[in-house]
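Below is a set of questions and answers on a two-chain model. Please look at the sequence and structure before reading on.

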Amino acid sequence: MTTRIVELRRGILKKNDELAAGLRGRYGAAGVLVLNLVSSPGTGKTAFLERTLRDLRAQGSRVAALVGDLETDNDARRLAASGAPVRQINTHGICHLDADMISKHLEGWEDVELAGLDYLFIENVGNLVCPSSYDLGEGIRVALLSVTEGEDKPLKYPTLFNSADAAVITKMDIAEPCGFDRELALKNINEIRPGIRIFETSAKTGVGMQEWLGYLDEERRSRNG
Amino acid sequence: MHELSIVSSVVDTVTESLTAYPSARVLEVRLRIGALASVVVDSLEFCWGIATEGTGLEGSRLVVKIVPVVMHCSVCAEDVELESLQSFRCPRCDEPCSDLRQGRELEIESFEIDDSPGVENTEVGA
């Protein structure tokens, strides 16, 4: 038997990474800041995004959203109530969004031109594991955590929290009745991703939203400057 | 549970490279997987048999090498290996580290083939 070793040294997700790099170039050329929102199911991504879209539109920003779910267009319909253009991506069982799905759903989106947007939000499938491997070309990856989930979530899912650029704590309006230990949650997030910006928010009361919108504005300006 | 998609990508990539070795039999495929890559090695191995069935890789072994997480510590001015994923601090000086240098790899390192002359015929005859 003659055996030989063929060296490949190739990224397994090379195709996704190449597509994502292409998307990143398009977003940059269009001057749109793209955010990828990732969390467990039930954290309140949709409620947080609804509020963000509404508040951004109220201050005159041009926004749109792509929303990923295994099935149903319920979230897209909820988000569309904000008045922003929204497109649903149904993955039919796949546990994450990938760059190809984003690329296909940007094509032929009638009311949306990337160059006409300030922000594009991508609400990923509710999952704290798989989305961390797939680059969507986003400028900012946001990990969300609600006060009902337990302060040790970042320690349980370090791969996702470590890959995030910003963290958002949701449902702060019910932090007290839930016995949420704020200090511990902040410490755990910082232990996994030292120095990350953390926003403590409530989509219901609007607490923390000003700071969040300020951050978005700052990031968009610094990237387009 | 995206390990099946990952394994399928590996099978596709190696299959493409195999066109250069038309009569070869694949013995082993070696991956380098970062400790922060969000991939469960047991699941990769479990999916390997399913994903290689009916392909030129059927019957081959999957070997996974875990790549540890390495951060750059600004205080020590050195790259340091993390001891656990529960704390991103320098194991020497305890300084929090945010500069990741290694640990997210999802890479096909190499594959091993048997390309002895007539290996294909032996297989058919067997």
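Two strands pair if DSSP finds at least two bridges between them. Helices (H or I, at least four residues) and strands (E, at least two) are DSSP runs, numbered from the N terminus. Residues are numbered from 1 along each chain as its sequence is written, and chains are lettered from A and ligands numbered from 1 in the order in which they are written. This is a predicted model, in which local features need pLDDT of at least 70, side-chain atom pairs count only at pLDDT 80 or more, and totals for chains, interfaces and linings use all residues.

Q: Which strand of chain A pairs with β2(A) over five bridges?
A: Strand β2(A) covers residues 33–38. Within this pairing, V34(A) stands opposite L120(A). The five bridges run in the parallel sense, and the partner is β5(A), residues 119–123.

Q: In β6(A), which residue is the bridge partner of L35(A)?
A: Strand β6(A), residues 140–146, pairs with β2(A) in the parallel sense over four bridges. The bridge partner of L35(A) there is I140(A).

Q: How many of the residues of β2(A) are buried?
A: A residue is buried if 20 or more other C-beta atoms lie within 10 Å of its own, exposed if 12 or fewer, and partly exposed in between, with C-beta atoms placed from the backbone. On one side L33(A), L35(A) and L37(A) are buried, and on the other V34(A), N36(A) and V38(A). In a regular strand the side chains alternate between the two faces of the sheet. The count for β2(A) is six of six.

Q: Why is α1(A) called oblique to α4(A)?
A: Helix α1(A) (14–30) and helix α4(A) (99–106) pack with their axes 8 Å apart, at an angle of about 40 degrees; axes are lines fitted to C-alpha atoms, for helices over the stretch in contact, and angles run from 0 to 180 degrees between N-to-C directions. Angles under 35 degrees count as roughly parallel, over 145 as roughly antiparallel, 65 to 115 as roughly perpendicular and the rest as oblique. The angle therefore makes α1(A) to α4(A) oblique.

Q: Which residues of α4(A) make the contact with α1(A)?
A: Two residues are in contact if their C-beta atoms, placed from the backbone, lie within 7 Å. From α1(A) the contact uses N16(A), L19(A), A20(A) and L23(A). From α4(A) it uses A99(A), D100(A), I102(A) and S103(A).

Q: Which element gives the largest share of the side of chain A that touches chain B?
A: In the interface, 28 residues of chain A are in contact with 29 residues of chain B. β1(A) (3–11), α6(A) (158–163) and α7(A) (182–192) each supply at least two residues of the chain A side. The largest share, nine residues, comes from β1(A).

Q: Which residue of β6(B) stands opposite I5(A)?
A: Seven bridges join β1(A) to β6(B), residues 106–114, and the two strands run antiparallel. Opposite I5(A) stands E112(B).

Q: What is the strand order of the open sheet of three strands in chain B?
A: The edge strands, each pairing on one side only, are β4(B) (78–81) and β5(B) (99–102). Strand β3(B), residues 70–73, is joined to β5(B) by three bridges, and M71(B) stands opposite L100(B). With antiparallel pairing, the order is β4-β3-β5.
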